[in-house]
Amino acid sequence: MEKQSHFLIIVCFCLFICFPTTATETGPDRGLTKLFVFGDSYVDTGNRNFSARSWNQPYGLTFPGRPDGRYSDGRVFSDYIASWMGIRSPIPYRWRKMENASIEYGMNFAFGGTGVFKTLVSAPNMTVQIDLFQKQLQKTLYSKADINSSIALVSMAGNDYTAYLARNGTTEGLSAFTKAIIKQLGLNLQRIESLGVRKIVVMNLQPLGCLPSETISYLYKNCSTSGNSLSLVHNQVLEKTVEKLNNKSKESVFVILDMYRAFLSAMKTEGHQPGTMKFKDQLMPCCEAVTKGYKCGNVEGGKKMYVVCNNSNSKFFWDDVHPSQAGWRAVYLALKSSAYSYI
């Protein structure tokens, strides 16, 4: 039965490749024709294998109506960046060899659950993702002109902290660990630049203390101060590193997207912007486990171990750590003005 289910998923994904998704937003014509994506579940559009919960129901409930590897009920952040560029979402690396697969719009190398270093999942970390990108360039799939007219989108670091704490990392050691993350991230960003990409967009850390996995301890009423403090420290170190990289390149190659402020702004959306609505219980997810030890998408003995809200569009968060499609759209709208200014 499981093999049959995966076969149907592959068939559906083939249709998805033939008719790629474009979010409803449109962006300016800036001569940006390719998007190369590196990172984790916030930007992964289908690279993880079928054991990942992103391939389980109810993921993909809003778009495309079935699980397609995205960690949300629909589109994720990389989809909206692609739409801002005026292109379709780039093909996930995993599906690049499928019949009729198009590499015209770039490629997505992001794998959910990964980080700068090795995390708790068996999937390529950022260094390996860049290796995969370099191999595609060595195959001359993209010309120098293609790379010069591209953007690299980088989403990293949240999973590194999760792994650090799961491995009994201490609070006292967090500062040194943050510096290690940012140091390696800086080297990785320089490597992407050395491969010819002229604009590299780095997402800083969202307010970790406001994720449902943290706010559940406060009955979804308040954010964790310590979690948000960790994000702020990380972001300060990242900002200094990116500033140094730009001073070295002298071309402002690197741009930080302030996800921290965008998340807080988006969660407070009152519906004043066209197409937006007020989110109910901003810190509560739409898809929630019925008991401790389970997550959205988990099934045991044929029984769903989760419940889903009636309207995912009314929730900022989809599950314990990921925004809903409506949440991501609100984040995109909060960032849109800065994206126009700096990219």
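1. The structure holds 20 aromatic pairs. Rings of Phe, Tyr and Trp (its six-membered ring) count as a pair if their centres lie within 6.5 Å; planes under 30 degrees apart are stacked, over 60 edge-to-face, the rest tilted. This is a predicted model, in which local features need pLDDT of at least 70, side-chain atom pairs count only at pLDDT 80 or more, and totals for chains, interfaces and linings use all residues. Residues are numbered from 1 along each chain as its sequence is written, and side-chain values use heavy atoms, with hydrogens and water left out.

2. Take Phe38 and Phe133. Their ring centres are 5.5 Å apart and their planes stand at 75°, so the pair is edge-to-face. Phe38 sits in strand β1 (residues 34-39) and Phe133 in helix α3, 95 residues apart. Helices (H or I, at least four residues) and strands (E, at least two) are DSSP runs, numbered from the N terminus. Phe38 is buried at 0% relative accessible area. Phe133 is also buried, at 0%. Buried means under 20%, exposed over 50%, partly exposed in between (1.4 Å probe, protein chains only).

3. Tyr42 and Trp328 have ring centres 4.9 Å apart and planes at 80°, so this pair is edge-to-face. Tyr42 lies in the loop between β1 and α2 (77-85) and Trp328 in helix α10, so the contact ties together parts 286 residues apart in sequence. Both Tyr42 and Trp328 are buried.

4. Two arginines lie over ring faces. Arg75 is at 3.9 Å from the ring centre of Phe63. Arg94 is at 4.6 Å from that of Phe50. The criterion: NZ of Lys or CZ of Arg within 6 Å of the ring centre and within 35 degrees of the ring normal.

5. There are 11 salt bridges, each a side-chain nitrogen of Lys or Arg within 4 Å of a carboxyl oxygen of Asp or Glu. In one, the closest N and O atoms of Asp131 and Arg191 are 2.4 Å apart. Asp131 lies in helix α3 (residues 126-138) and Arg191 in helix α6 (residues 174-194), so the bridge ties together parts 60 residues apart in sequence. Asp131 is partly exposed at 29%, as is Arg191 at 21%.

6. Asp281 and Lys315 meet at 3.8 Å, N to O, in another salt bridge. Asp281 is in the loop between α9 (259-267) and β7 (287-289), Lys315 in the loop between β10 (306-308) and α10 (325-342). Asp281 is partly exposed at 41%, whereas Lys315 is buried at 8%. Elsewhere, salt bridges with shared partners join Arg53, Lys295, Asp319 and Asp320 into one network.
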